[in-house]
Amino acid sequence: MIIVKLTGGLRNQMFQYALGRHLAIKNSTQLKLDISGFKTYKLHKYTLGNFNITEKIANPLEILWLNNPIKKPLREISSSFNPEILKSGLNIYIDGYWQSEKYFQDIADTIKQEFTLR
């Protein structure tokens, strides 16, 4: 399982989802979305649900399981593209903005199809 933390506005959520989706496809596992931050983050709302995405929301236990120091969550250190991120395997929690199309260029057609309105 891969859990991606969603935060920010629509564009940020799209980049975050796209990286998570790429890693899930590459590793033949499911992608789950951590939208728990939107309970307290009032500037933006979770808006990816308006698209034809693979939408599975992570529950609190799943988030706790992967977002802990033992599992070593994958956190964005720099805004520059980091190709090492694409080598990530199963059972990871992803936290960052990941604003580069290079993180999902291999599945660009899938992402374009999923980012169509329902």
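Modeller: Let us begin with one residue of this predicted model. Arg75 has a relative accessibility of 40%, so Arg75 counts as partly exposed, since that class lies between 20% and 50%.

Biologist: Which residue forms a salt bridge with Arg75?

Modeller: Side chains of opposite charge can pair when their charged atoms come close. Here the partner of Arg75 is Asp95, and their closest N and O atoms are 3.0 Å apart. Arg75 belongs to strand β3 (residues 74–75) and Asp95 to strand β4 (residues 92–95), so this pair ties together parts that are 20 residues apart in sequence.

Biologist: How many salt bridges does a search of the whole structure find?

Modeller: The search finds six. One of them joins the side chains of Arg21 and Glu114, at 2.7 Å from N to O. This pair links distant parts of the chain, 93 residues apart: Arg21 is in helix α1 (residues 10–26) and Glu114 is in helix α3 (residues 108–114).

Biologist: Is Arg21 buried or exposed? And is Glu114 buried or exposed?

Modeller: Arg21 is buried, at a relative accessible area of 16%. Glu114 is also buried, with 7% relative accessibility.

Biologist: What are the accessibility classes of Lys87 and Glu84?

Modeller: Lys87 is exposed, at 59% relative accessibility, whereas Glu84 is partly exposed, its relative accessible area being 47%. The side chains of these two residues, Lys87 and Glu84, meet in a salt bridge of 3.1 Å, N to O.

How values were computed. Residues numbered from 1 in each chain as written. Predicted model: local features only at pLDDT ≥ 70, side-chain atom pairs only at ≥ 80, totals over all residues. Heavy atoms only, no water. Salt bridge = Lys/Arg side-chain N within 4 Å of Asp/Glu carboxyl O. Helix = DSSP H or I, 4+ residues; strand = E, 2+ residues; numbered from the N terminus. Buried < 20%, exposed > 50% of the residue type's maximum accessible area, 1.4 Å probe, protein only.
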